[in-house]
Amino acid sequence: MAPPLCWPATSPSRLEIEAKIVFDAAVMMGKTESWLTGKPTNQNPENTFRYNICEISTWNGIGVENGRITRIDWYDEGLVGEIPESLGRLTALTYLFLGDNNLY
């Protein structure tokens with residue numbers, strides 16, 4: 001039986017890699033798992049932490065088009081600290097709004 005479309009059998013998809021970047025950035029700026037609608041799961045025991053990319057478009061403030069993260073809108077989310085450089089690796093990102101947070 002083939003794995004579900006959202007869970008590639010071998011390597012993670014581009015969207016799954018981007019989901020990890022976004023999730024890690026959110027945690028670095030003070031957010032936790034409970035902030036996300038789509039919860040991280042441990043679907044694949046070979047990987048320490050897998051993300052449910054089937055639900056990434058339901059994550060608060062995240063927009064997905066053509067299998068890529070294109071929008072992050074974290075306005076007034078109580079974020080603090082430095083904006084992670086890793087967000088620069090989201091090459092399809094066309095909109096990033098972080099207003100009314102305590103970021104530098």
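I looked up F97 and found it partly exposed, at 33% relative accessible area. My classes: buried is under 20% relative accessible area, exposed is over 50%, and partly exposed lies in between (1.4 Å probe, protein chains only). The model is predicted, so I took local features only at pLDDT of at least 70 and side-chain atom pairs only at pLDDT 80 or more, while totals for chains, interfaces and linings use all residues. Residues are numbered from 1 along each chain as its sequence is written, and side-chain values use heavy atoms, with hydrogens and water left out.

F97 sits in strand β4. I take helices (H or I, at least four residues) and strands (E, at least two) as DSSP runs, numbered from the N terminus. Which residue stands opposite F97? I found D73 there.

F97 also belongs to a nonpolar surface patch with Y75 and Y95. Together the three have about 270 Å² of accessible area. Areas come from the Shrake-Rupley method with a 1.4 Å probe; for residues, only the protein chains shown count as cover. A patch takes residues with over 30% relative accessible area and no salt bridge; nonpolar side chains (Val, Leu, Ile, Met, Phe, Trp, Tyr) are joined within 5 Å, like charges within 9 Å.

**The sheet and the helix**

I then followed β4 into its sheet. The sheet is open, has three strands in the order β1-β2-β4, and shows mixed pairing. β1 (62-65) and β4 (95-97) are the edge strands, each pairing on one side only. On average, neighbouring strands here are turned by 25° against each other, direction ignored. Two strands pair if DSSP finds at least two bridges between them. β2 (residues 68-73) runs parallel to β4, with three bridges.

Which strands does helix α1 touch? Helix α1 (residues 14-28) packs on the sheet and touches β1 and β2. The direction of α1 makes about 25° with that of β2. Axes are lines fitted to C-alpha atoms, for helices over the stretch in contact; angles run from 0 to 180 degrees between N-to-C directions. Contact means heavy atoms within 4.5 Å.

**Salt bridges**

I searched the whole structure and got four salt bridges. The criterion is a side-chain nitrogen of Lys or Arg within 4 Å of a carboxyl oxygen of Asp or Glu. Side chains of opposite charge can pair when their charged atoms come close.

R14, E18 and R68 form a linked network. R14 meets E18 with the closest N and O atoms 3.3 Å apart. Both lie in α1, four residues apart, about one turn of the helix. R68 meets E18 at 2.7 Å between the closest N and O atoms. R68 lies in β2 and E18 in α1, so this pair ties together parts 50 residues apart in sequence.

Is E18 buried or exposed? E18 is buried, at 1% relative accessible area. R14 is partly exposed at 42%, and R68 is partly exposed at 22%.

R71 and D73 make another bridge, at 3.8 Å from N to O. R71 is partly exposed at 36% relative accessibility, and so is D73 at 24%.

**Whole protein**

I closed with totals. The protein has one helix and five strands, running α-β-β-β-β-β from the N terminus. Of its 104 residues, 37% are buried. Among contacts between residues at least 6 apart in sequence, 52% join residues at least 24 apart. The accessible surface comes to about 6200 Å², with 53% belonging to carbon and sulfur atoms.
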